[in-house]
Every structure is written in C-alpha cells, then in structure tokens.
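I opened my notebook to keep a record of what I looked up in this structure. Here it is, in the order I went through it.

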Amino acid sequence: MAKHAINAAAYVKNDERMHWHDKALWFVREKRDKASKTIPEWEELRTFGALIKSHTMNKLDYYLEEFEKNAIKNGIKVHWAKDAQEHNEIVYKILKDKNVKKLVKSKSMLTEECHLNPYLENRGIEVIDTDLGERIVQLRNETPSHIVLPAIHLKRQEVADTFHEKLGTEKGNDDPTYLTRAARSALREDFLSAEAGLTGVNFAIANTGGIVVCTNEGNADMGVSLPKLHIASMGMEKIIPRLIDLSVFTRLLARSAIGQPITSYTSHFHGPIDGGDMHVVIVDNKRAEFLASKDYAKALNCIRCGACMNTCPIYRRSGGHSYEYVIPGPIGSTLAAFKEPKKHNSLPFACTLCGSCTNVCPVKIDLDSQLYKHRQDLGKNGHLDKKKMFSMKIMTYVFERPKLIDFLGKVGRKIMPYIPNKLIYNKFNIWGKTRDIPELPQYSFKELYKKMKEDENDK
Ligand code: SF4
C-alpha cells in the first residue's frame, strides 16, 4: 500500500478520534463559510487576491529587488538563501555574531520547512516556539499537524498531561483557561530572557520595504520588541507590490483561516527597534522551479490560510501527520509532490478530486487540477511503484476498448454472484478491505439506455 494510505489506515483505526478530528475541522470550515458570507463582495475579493498574486509572481524579480532596496533604506539587512541549508547557516551566523544563546520564535512554516530548530539546537542555541499550538507540539517533540492550528490533533486532556509533565501544572487539570495561563507565564520568562526573536513573514510589501506578521496571540510582537535582534524568515513568494494590496489579503486571510474578520494582531515591521538590528532572510528553496513550471506555478500564490485542509475530506479523516510533509492537506500534497516526487508519490492520490479545496481557496489556486496533473506526471516520470503502473496499464488497455468493457461487464455481472467471498476479499484486493461490492445490476447503463430508447420508439 502507498505511504499515505498506510498512515491513514492506522489513523482511522481509532474511530472515535477520527470522527472527533473530522468534526473539529468541519466546525472551522463552517465558521469560514459564515464569515465569508458577511462580505457581499467576497468572490470579487478572491478574484482580486488571485490577480494580485499572479501579477506579482510574473514580475517577482522586479518586486523582490524593489523590496530589498526599500528595506535597506529602512535600516533592515537583507539576505538571500538559495535553499534550507543556506537559510539555516545565515540565521545561525547572525545569532552567533551576537552571541545569542536563546531565541524566541513566532510561528513560521518556512523554518519548519528548513528544519531550523534542530539545526540551531545542535549548535547550542535554545529555541522556544511561542505560538501556543507550536509550543505544545514542541514540548511533545512533534511536528505541527496543521499550518494554522498546529496542535489540532491533540485533545485538551493530552495537552494537560504534557503541561503537567513539562510545566508542572496540576495533574488532570485540563481547563483551557488554566492551561493557557500556565503556558503564558512560562513563556513570559522566555520572552524576558531571550536575546533574539525570529518571526515568519505573512506579507512583504515591495513599495515600503516592510513586512507584516499576522498572529492571534501577540507573541510575534512580544518576541521582537524585548530583544534587540529581530530575524524574519521569508519565502520569496510572500511579496506583494503595494501597501494598499494588503487590505485584500487581510480581509481574506483570517476569514478563510478560522472565520475571524481579522487576525487579532496584524503587525507591521518597517525597521529595527531603537538600538537594535533587523534582518530579513529571503528563501528560494525550489520556489524558482515552481515559478518556471507551467502547471504548478499557481501553488506559489498560497497565503497559508489552511482553508483547503479544513474542508478536505481526506485531511479531516486522516490527520495532518499522515502526510509526512511539513505542510499537509491539498496544498501540501501539491508542494511535496513537486519538490520530492519519489518520496511523496502517494500524496496526489490522497484526494477524492471533489474540488472543495479549490472552491474555498481565497486566492483561487487550482488545487484539485494540480493533484490530478501530478498523478499523470508521476506515472510518466516513473515515480509510481511497479504494481500501480501495471494495474494502470491494464485499466488503460480496457478503457481504450469500449467493446471489451461491454464484454467484461456482461461476463462480470453473470459470474460475480457465484464467486466465493474468499476469492473476492483477499489481501490482494485492497479496495475490498473496507468496502462491499454492491449488488450487480441486470443490465449495464448502455443496455438500459438502448432499451429505454427502443421502448420510447415502440410507443
Ligand atoms: S492553497 Fe489556498 S486554501 Fe490552501 S492554504 Fe493556501 S491559500 Fe489557503
């Protein structure tokens, strides 16, 4: 069985947890629906968002250079990293030069993508994730299972157990307010003692040279206001041309993510604090390859709202960790299959092609079409396993011959009812593991249609 299917099969074994996870995500999806309906021009906003992003990606070199020029004018030091390794080396060098021993970090999927935490920890720098969900998974040595709700896979009793073990909270006390206060007071110490703060970048504005970070907890502001050193890690697709364009995205982002009108903190950073230093590290890590691709370039338009995950029937029922990629769900599947096709060849198949992700995406990324295209490319480029390719070849042979389909259908309908169950439901029939073959009809659709037409003519 394919990798994702194995992980998903393990996840759905716990029926109660699977339904609980599904319900939790669906609740967020419904909140998104309600919030989007409060804006009559919602569809126009989505169109604007998609157009601004596509325009920017078409002129990415121009806008990145404009951003760099203006950021330098603002006193920001700009660095360029071609891949994850270079990003980590640059961040480490900045921290080492300032003799930093402790770094507080707000949520950044890019640093997860670059595996920055272990890189720095191996070099003696303590890294504290300050977003509550990220802190919970960090304390458990886990990775986020969702890009906006990193600990959505955990029940509050599990969080209580982790906090009891790591932060010394009362055993069994799973009151969310109590747990949040405990995390806040522990983090307060970290904010006060850290020598540097690192943030992600939600938007980088070319015409001002500033960056914007959206959080609901204010942790990014705390993390970069107390220490004198601020490092911002930014994927090169985060650029938008003008400050005025930001209004389109702030209206789309929070509503699409969790059904909020706006994130609680939309923080603008346009230079270092008094007496401090600010660095922006702009990372490629294969984004340029996406840009050059005809079929997958649109994936760069993503504003990381997570809506495609909340609506995806596969994600909701298989959990984020089943994807084994830093970004799960539909957008993660297309990114992963493009970056490492061999390793993530099962992800484009973790999709019903229902198109719900495309329908909710605030910047109209054609996610289901991309996943469908990946399936073909994986096959063409020899990235699928031999068994799958063999069965696909047989299906292609049959589907290209309508007469053969008619014949096999006829024979199948006649003999199937007499085949013993043992022969149908065996280890080679993965499909039949969780499904029963439906009762077979007497006629095929074609035969029924022909019969209907004949009956009509006889009347
Ligand atoms: S692909 Fe669209 S829906 Fe999914 S996270 Fe990105 S912006 Fe949101």
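**Lys451.** I found Lys451 in helix H22 (residues 445-458); helices here are DSSP runs of H or I with at least four residues, strands are runs of E with at least two, and both are numbered from the N terminus. Lys451 counts as partly exposed because its relative accessibility is 36%. For the cut-offs, I noted that buried means under 20% relative accessible area, exposed over 50%, and partly exposed in between, with a 1.4 Å probe and protein chains only. I also checked Lys451 against Pro227: they are 224 residues apart in sequence and 80 Å apart in space, C-alpha to C-alpha.

**What I am working with.** This is a predicted model, where local features need pLDDT of at least 70 and side-chain atom pairs count only at pLDDT 80 or more, while totals for chains, interfaces and linings use all residues. Residues are numbered from 1 along each chain as its sequence is written, and side-chain values use heavy atoms, with hydrogens and water left out.

**Helix H1.** Which residues of H1 (residues 3-12) are buried? I got His4, Ala8 and Tyr11. They sit on the same side of H1, because they cover an arc of only 55 degrees around the axis, taken from the directions from the helix axis to the C-beta atoms. These buried residues pack against helix H2 (15-37) and helix H15 (313-318), where contact means heavy atoms within 4.5 Å.

**H2 with H12.** Next I followed H2 to helix H12: they pack at an angle of about 140 degrees, with axes 6 Å apart. Axes are lines fitted to C-alpha atoms, for helices over the stretch in contact, and angles run from 0 to 180 degrees between N-to-C directions. H2 brings Val28, Lys31, Arg32 and Ala35 to the contact, and H12 brings Arg255, Ser256, Ala257 and Ile258.

**The six-stranded sheet.** I traced an open sheet with parallel pairing, in the order S1-S10-S7-S4-S2-S3. Two strands pair if DSSP finds at least two bridges between them. The edge strands, S1 (77-81) and S3 (126-129), each pair on one side only. Inside the sheet, three bridges join S2 (residues 102-105) to S4 (residues 196-199), and Leu103 stands opposite Ala196 in S4.

**The four-stranded sheet.** This one is open too, with mixed pairing and the order S8-S5-S6-S9. S8 (239-240) and S9 (265-269) stand at the edges with a single partner strand each, so one side of each has no neighbour in the sheet. S6 (residues 210-215) runs antiparallel to S9, joined by five bridges; Val213 has Ser267 of S9 as its bridge partner. H12 (residues 246-258) turned up again here, lying across S5 (203-205), S6, S8 and S9.

**Positive phi.** Most residues other than glycine have a negative phi. Asn99 has a positive one, about 60 degrees, and is found in the loop between helix H5 (84-97) and S2. Is Asn99 exposed or buried? Asn99 counts as exposed, at 54% relative accessibility. Lys286 also has a positive phi, near 80 degrees, and lies in the loop between S10 and helix H13 (287-292).

**The ligand.** How many residues surround the ligand? I noted 13, the closest being Cys302, Cys305, Gly306, Cys308 and Cys361; near means that a heavy atom of the residue lies within 4 Å.
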